[in-house]
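Visitor: Hi, could you walk me through this one? I'd like to go piece by piece.

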Amino acid sequence: MAESKADKIMNIATKRGFFFPSGEIYATKAGFWTYGHLGTLFKHKFENIWRDYFLNLAENYYEIEDTNILAKEVFKSSGHLEHFMDPLSECKKCHFRFRADELIEDETGLRADGLKAEELDKLIKENKLKCPRCGSELDKVKFFNMMFDLKVGATGEDIMYLRPETAQSPYIAFKREFLALREKLPLGLAVIGKAFRNEISPRQGFFRLREFTQAELQIFFDPDEFNKVENWNEIKNYKLRLLLTGKKNLQEISCEHCNRILKLPKLYVYHLAKIQQFYLDILKIPREKFRFRELSEKERAFYNKLHFDIELNLETLNGWKEIAGLHYRSEYDLSGHQRGSGEKLEVNINGKKFIPHVLELSFGVDRNLWALLDLFYHEDKERAMFKLPFNLAPIEVAVFPLVNKDKLPEKSIEIYNLLKNEFKTFYDEKGSIGRMYRRVDEIGVPAMITIDHQTLKDKTVTLRNRDDMKQIRVKIKDLNNIVKEFLNGKSLNKLGKIIN
């Protein structure tokens, strides 16, 4: 059987140090992964790009960091203890457990998220679905709370929870941050951190995890200002790729049309535009692989008044998959925490008292990383590699001696030391130059510097482009500047004479 694209990506990822099953020298548990050295660099690259982009959309957007463990009362007020459930289906014979909605979607192609237990039971019966492990009859669907609880303290009587989303941290920190930031709205509070969900049966490899990282921005605003955006003219003619509820085909619709005809508020549409620009312009995602999908009232969380998922078309996962979302959560969160805590969370701006509403930008970091590996995986006759955009490559520059003798390794170390403080640089001298090229091609290194015998004569080196394998010669004294221009997008033929 031919090796699938997912298997090829996983092979490189685990072999080269992107990620691998956590605790794999023991019996591993599904849904837990370790980031290796390359994966950690890759993850930090994505997080920093996300941070630099979204926190600069407005002057009053900031990042905070909270604990992963929060009090039971937080999740009682947020509704998680009551509503944070997945539909559990169990085999009557072998007692294998899995998500009922995923079984239905896999076997029938029907979307089943958001359905009640009775509706899921009906679909299972109508489609004659059986246990995917042993083929036996299934028990009735039950709902299962996905939160991890912890016993805290010496007596174990205090119950706390690992947070299932990072969003609650900005909500419970809102009042203190609002006062510290001079009582101005809109106020954005971002968190990049861990969340934990006790998934019934994690699958899809690295895409659905029990411990994962989210990058979320919670924007608190005056609901009377929802249809006002200072920079509206900048995006009003920009076209969004939307799959609207009830429509079969994707449409490209201007932001102005979304506001005037679809009645989507300007603040919401503005952030749709900025999210699309992030994926298409910053991450360089192919346009045809990106879309927003509107969720119906039945599909979306009960507190979301507007909800578009950000989806990418991933070959490894057989189609469109959610990797982020934009949600209008109204005043639900702050109102709930005000009731639960007894602490007033309303604000007073120019004599007007109200509870701020929330617009949430939510991104699954790990999902986005897998999506990038999927979309930028490349094969040709000679190579298999991650052809990542240069700004996302975990290693930016590799330095090699042509041969491991004739004082070339010593000169190569000198060049490596020249570059390493400005670029994430890797040095290797093990094996032939062709093998060294292939190893760093595979992990997506954009620039390769080779030190050869000519280097010792005229103080020049070769600079090789990962994507087309073309090279130029560069004077060592100019090397840092030339590499910087190359990584910023300047083509080799504009930086020197192609020599091959």
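Predicted model: local features only at pLDDT ≥ 70, side-chain atom pairs only at ≥ 80, totals over all residues.

Visitor: Which residue of S9 stands opposite Ile69?
Guide: Look for Leu162 in S9, which stands opposite Ile69.

Visitor: And how is S8 joined to S9?
Guide: Strand S8, residues 149-152, is joined to S9 by four bridges, and this pair runs antiparallel. Leu150 stands opposite Met160 of S9.

Visitor: What sits between S8 and S9 in their hairpin?
Guide: Five residues lie between the strands of that hairpin, and Gly153 takes a positive phi near 95° there.

Visitor: Now the sheet with S3 and S13 in it. How many strands form it, and in what order?
Guide: Nine strands form that open sheet, in the order S3-S10-S11-S19-S16-S15-S14-S12-S13, with mixed pairing. At the edges are S3 (61-63) and S13 (251-254), each of which pairs on one side only. From one strand to the next, the twist averages 30°.

Visitor: Can you zoom in on one pair? In what sense do S11 and S19 pair?
Guide: Strand S11, residues 211-221, pairs with strand S19, residues 357-364, in the antiparallel sense over eight bridges. As a landmark, Ala215 has Phe363 of S19 as its bridge partner.

Visitor: Which strands does H10 touch on the sheet?
Guide: H10 packs on the sheet and touches S3, S11, S12 (239-243), S14 (290-294), S15 (306-314), S16 (319-330) and S19. The direction of H10 makes about 150° with that of S16.

Visitor: Switching to helices: at what angle do H2 and H10 pack?
Guide: Helix H2 (residues 37-54) and helix H10 (residues 266-282) pack at about 135°, and their axes are 11 Å apart. That angle makes H2 oblique to H10. Their crossing is right-handed.

Visitor: Which residues make the contact there?
Guide: From H2 come Phe46, Ile49, Trp50, Tyr53 and Phe54, and from H10 come Lys274, Ile275, Gln277, Phe278 and Ile282. By class, the contact of H2 with H10 has eight nonpolar residues, one polar and one charged.

Visitor: What about H1 and H12, how do their axes cross?
Guide: The axes of helix H1 (residues 5-16) and helix H12 (residues 365-375) come within 10 Å and cross at roughly 110°. That makes H1 roughly perpendicular to H12. H1 passes H12 in a right-handed crossing.

Visitor: Who meets whom between H1 and H12?
Guide: Lys5, Ala6, Ile9 and Met10 of H1 meet Trp370, Leu373 and Asp374 of H12. The contact of H1 with H12 divides into five nonpolar, no polar and two charged residues.

Visitor: One last pair, then. Is the crossing of H5 and H6 left-handed or right-handed?
Guide: H5 passes H6 in a left-handed crossing. The axes of H5 (residues 100-108) and H6 (residues 117-126) cross at roughly 35° and come within 10 Å. Ala100, Asp101 and Ile104 of H5 make the contact with Leu120, Leu123 and Ile124 of H6. This contact of H5 with H6 has five nonpolar residues, no polar ones and one charged.

Definitions and conventions. Residues numbered from 1 in each chain as written. Heavy atoms only, no water. Axes fitted to C-alpha atoms, helices over the stretch in contact; angles between N-to-C directions. Helix = DSSP H or I, 4+ residues; strand = E, 2+ residues; numbered from the N terminus. Left-handed = near helix turned anticlockwise from the far one by under 90°. Contact = heavy atoms within 4.5 Å. Nonpolar A, V, L, I, M, F, W, Y, C, P; charged D, E, K, R; others polar. Pairing = 2+ DSSP bridges. Parallel < 35°, antiparallel > 145°, perpendicular 65-115°, else oblique.
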